Amino acid sequence: QVQLVESGGGLVQAGGSLRLSCAASGSIFSIVTMSWYRQAPGRQRELVATITSGGTTYYVDSVKGRFTISRNNAKNTLYLQMNSLKPEDTAVYYCNARIVQTTHAGDYWGQGTQVTVSS
């Protein structure tokens, strides 16, 4: 069993900052990629940022220069530092990880954490 648990969401004013965390636990051999997705009301879930096990990162254009994704491989933990937040960043943020276990690999999701940015 693998579990991803997010934390760090909340309510913040525009221009403020939040830091999201996602801790992976369970039967884990290695974690290939870790990503943050978000889903706003009435919209499809979108990829926000991805980081590989080697540290290569990808960001959607709308968050470049404002968000920073990072990970602690020793702790199987993913982070998202969000600065200069805008009302359009309001969404439920989900952690995703491609995890290799002893017998198979698969994609796992956290339960989501709400981020609300007020104008």
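Reader: Where does R66 lie, and between which strands is its loop?

Author: This is a predicted model, and in it R66 sits in the loop that runs between β6 (57-59) and β7 (67-72).

Reader: Is R66 buried or exposed?

Author: A residue counts as buried when its relative accessible area is under 20%. R66 has a relative accessible area of 10%, so R66 is buried.

Reader: Which residues is R66 in contact with, once its neighbours within four places in sequence are left aside?

Author: The contacts of R66 are then Q81, M82, N83, S84, L85, K86 and D89. With S84 there is also a polar contact to look at, for the side chain of R66 reaches the backbone oxygen of S84 at 3.0 Å.

Reader: How many residues lie between β4 and β5 in their hairpin?

Author: The hairpin of β4 and β5 has six residues between the strands, and G42 in its turn has a positive phi of about 75°. Strand β4 pairs with strand β5 (residues 46-52) in the antiparallel sense over six bridges, with T50 of β5 as the bridge partner of S35. Strand β4 (residues 30-39) also pairs with strand β9 (residues 91-100), again in the antiparallel sense, over eight bridges, and there the bridge partner of S30 is V100.

Reader: Which residues does a disulfide join?

Author: To read a disulfide, look at the two sulfur atoms and then at where the two cysteines lie in the chain. Here the count comes to one disulfide, and it joins C22 to C95, with S to S at 2.1 Å. The angle about the S-S bond is -75°, and the link of C22 and C95 is left-handed. Because C22 lies in strand β3 (residues 18-26) and C95 in strand β9, the pair ties together parts that are 73 residues apart in sequence.

Reader: Are C22 and C95 buried or exposed?

Author: C22 is buried, with a relative accessible area of 0%, and C95 likewise counts as buried at 0% relative accessibility.

Reader: Turning to the whole protein, how many helices and how many strands are there?

Author: The protein has zero helices and eleven strands. Its radius of gyration is 14 Å, close to the 14 Å that the globule rule gives for 119 residues, so the protein is as compact as a globular protein of that length. The C-alpha trace spans about 50 × 25 × 25 Å along its principal axes.

Reader: What share of the residues counts as buried, and what does the protein expose?

Author: Of the 119 residues, 41% count as buried. The protein exposes about 6,200 Å², of which carbon and sulfur atoms supply 48%. Among the contacts with a separation of 6 or more, 54% come from residues 24 or more positions apart.

Note on methods
Residues are numbered from 1 along each chain as its sequence is written. This is a predicted model: local features need pLDDT of at least 70, side-chain atom pairs count only at pLDDT 80 or more; totals for chains, interfaces and linings use all residues. Side-chain values use heavy atoms; hydrogens and water are left out. Helices (H or I, at least four residues) and strands (E, at least two) are DSSP runs, numbered from the N terminus. Buried means under 20% relative accessible area, exposed over 50%, partly exposed in between (1.4 Å probe, protein chains only). A polar contact is a pair of N or O atoms within 3.5 Å; within protein, one must be able to donate a hydrogen and the other to accept it, and residues adjacent in sequence count only if both atoms are side-chain atoms. Contact means heavy atoms within 4.5 Å. Two strands pair if DSSP finds at least two bridges between them. A disulfide is a pair of cysteine sulfur atoms within 2.5 Å. The radius of gyration is taken over C-alpha atoms; the globule rule is 2.2 Å times the number of residues to the power 0.38. Accessible areas come from the Shrake-Rupley method with a 1.4 Å probe; for residues, only the protein chains shown count as cover.
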